[in-house]
Amino acid sequence: MEKSPIRVLVTGAAGQIAYSLLYPLSKGDVFGHDQPIELVLLDIEAMLTVLDGVVMEMQDCALPLLKSIIPTADTDVACKDIDVAILVGAMPRREGMERKDLLRANVKIFKAQGESLDKHAKKSVKVVVVGNPANTNAFICKKYAPSIPPENFTALTRLDQNRAQAQIATRMGLVPQDVKNVIIWGNHSNTQFPDVRHAKVAGKGVYEAVQDDAWLKGDFIKTVQTRGAAVIKARKLSSAMSAAKAIGDHMRDWWFGTKGDEYVSMAVPSDGSYGIEKGIIYSFPVQAKPDHTYSIVQGLQIDEFSKEKMTTTLTELQEEKCSAEEFCGY
Ligand SMILES: NC(=O)C1=CN([C@@H]2O[C@H](COP(=O)(O)OP(=O)(O)OC[C@H]3O[C@@H](n4cnc5c(N)ncnc54)[C@H](O)[C@@H]3O)[C@@H](O)[C@H]2O)C=CC1
Ligand SMILES: O=C([O-])CC(=O)C(=O)O
């Protein structure tokens, strides 16, 4: 018997990340090749003509799992009865801008979407915020949707994890899948801490395998922290293909669960683990189960080097939270 469809909202649906995301999402790569999907596509009024073109292309893909497509510029219509919300729609960073510059422009979008999710979405809705500054936008969205469990609000740091895995793999002449349990701590920004202290490459500890502590504590971290800016500098547009791939990885692992004792990085509301202020959306190592629940991995040893870096990115998130609350008017 065919499964009943799930209703999946993608915002910023006329933009570049959505253009790379909608095909894999609708052909079953994220929620399974036996899971029908009703797609809801939100963008702003001025982009509705472009969105029409995207809808035409989705129809022309002739995908068996795609049961319906609803394009809209109305947030309340978009949030109605949704199971999953992939919140991409926001202004992207341009060359020379830092994510903080985006806060004022983007945070109000997530206040409005939080209010709408609160009123119209299923209470079980799983939310991933991609639009930057992703962690703080997710914090605001959660804040304005008090009837939805806080743990249902997450932000994307999987792209950072994938970037870190790829850097290590390239260095070792391996593929990224040979690198496990890299952790991204904190903010999806250049203060994030990509941590390989607990990671394994082809079964060995990364420090032991790479044999270059100076690189691991220096250029490796810097490269991952500033990769988004490097892509913008080269492409004059921010990462889109890799961001779409990471969204798929994040949602698939949350939906189906992580493998064995492996963990992945997701920015989730802190429960106070590792001394991180409760409620802040902070990227942690998490393990997920097939019932769509997840938990923060406990008991990892944190050395002084890591502690300092984890605090720096926490401080930035605390500052962003204060500014965001101010911009939202309280
Ligand atoms: N967390 C992450 O790892 C990453 C996050 N990003 C962020 O993702 C966001 C989207 O990036 P792109 O797709 O490249 O941008 P884009 O400019 O190509 O597309 C954004 C779309 O969002 C729409 N939009 C704006 N306000 C909206 C609203 N209130 N409701 C619905 N749609 C709205 C725009 O009209 C546009 O079509 C940016 O904020 C970017 O910085 C990008 C890469 C990685
Ligand atoms: O850096 C940016 O503005 C886009 C982004 O989030 C990334 O590529 O990680």
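How many residues of domain 1 are in contact with residues of domain 2? In this predicted model, 32 residues of domain 1 are in contact with 28 residues of domain 2, contact being defined by C-beta atoms, placed from the backbone, that lie within 7 Å. Local features need pLDDT of at least 70 and side-chain atom pairs count only at pLDDT 80 or more, whereas totals for chains, interfaces and linings use all residues. Residues are numbered from 1 along each chain as its sequence is written, while chains are lettered from A and ligands numbered from 1 in the order in which they are written.

**Domains**

- The protein is divided into domain 1 (6-155) and domain 2 (158-320), with bounds from an automatic or database domain assignment.
- Their C-alpha centres lie 23 Å apart.
- Elements giving two or more residues to the side of domain 1 that touches domain 2 include helix 1 (16-26), helix 4 (99-120) and helix 5 (134-143); helices (H or I, at least four residues) and strands (E, at least two) are DSSP runs, numbered from the N terminus.
- That side of domain 1 comprises 19 nonpolar, 5 polar and 8 charged residues; Ala, Val, Leu, Ile, Met, Phe, Trp, Tyr, Cys and Pro count as nonpolar, Asp, Glu, Lys and Arg as charged, and the others, Gly among them, as polar.

**Ligand 1**

- Gly12, Gly15, Gln16, Ile17 and Gly89 come nearest among the 28 residues around ligand 1, a residue being near if its C-beta atom, placed from the backbone, lies within 6 Å.
- Domain 1 and domain 2 each supply at least three residues to this shell.
- The shell around ligand 1 contains 16 nonpolar, 10 polar and 2 charged residues.

**Ligand 2**

- Around ligand 2 are Arg93, Asn132, Leu159, Gly228, Ala229, Val231, Ser238 and Ser239.
- Helix 10 (residues 227-235) gives the most to this shell, with 3 residues.
- By class, the shell around ligand 2 holds 3 nonpolar, 4 polar and 1 charged residues.

**His188**

- An unreviewed UniProt entry annotates His188 as "active site"; such annotations, given in the numbering used here with shortened feature names, may be inferred rather than shown by experiment.
- His188 is located in the loop between strand 8 (183-185) and strand 9 (193-195).
- His188 is buried because 28 other C-beta atoms lie within 10 Å (buried means 20 or more, exposed 12 or fewer, partly exposed in between, with C-beta atoms placed from the backbone).
- Leaving aside neighbours within four places in sequence, the contacts of His188 include Asn135, Asp160, Ala267 and Ser283.

Note on methods. Two residues are in contact if their C-beta atoms, placed from the backbone, lie within 7 Å.
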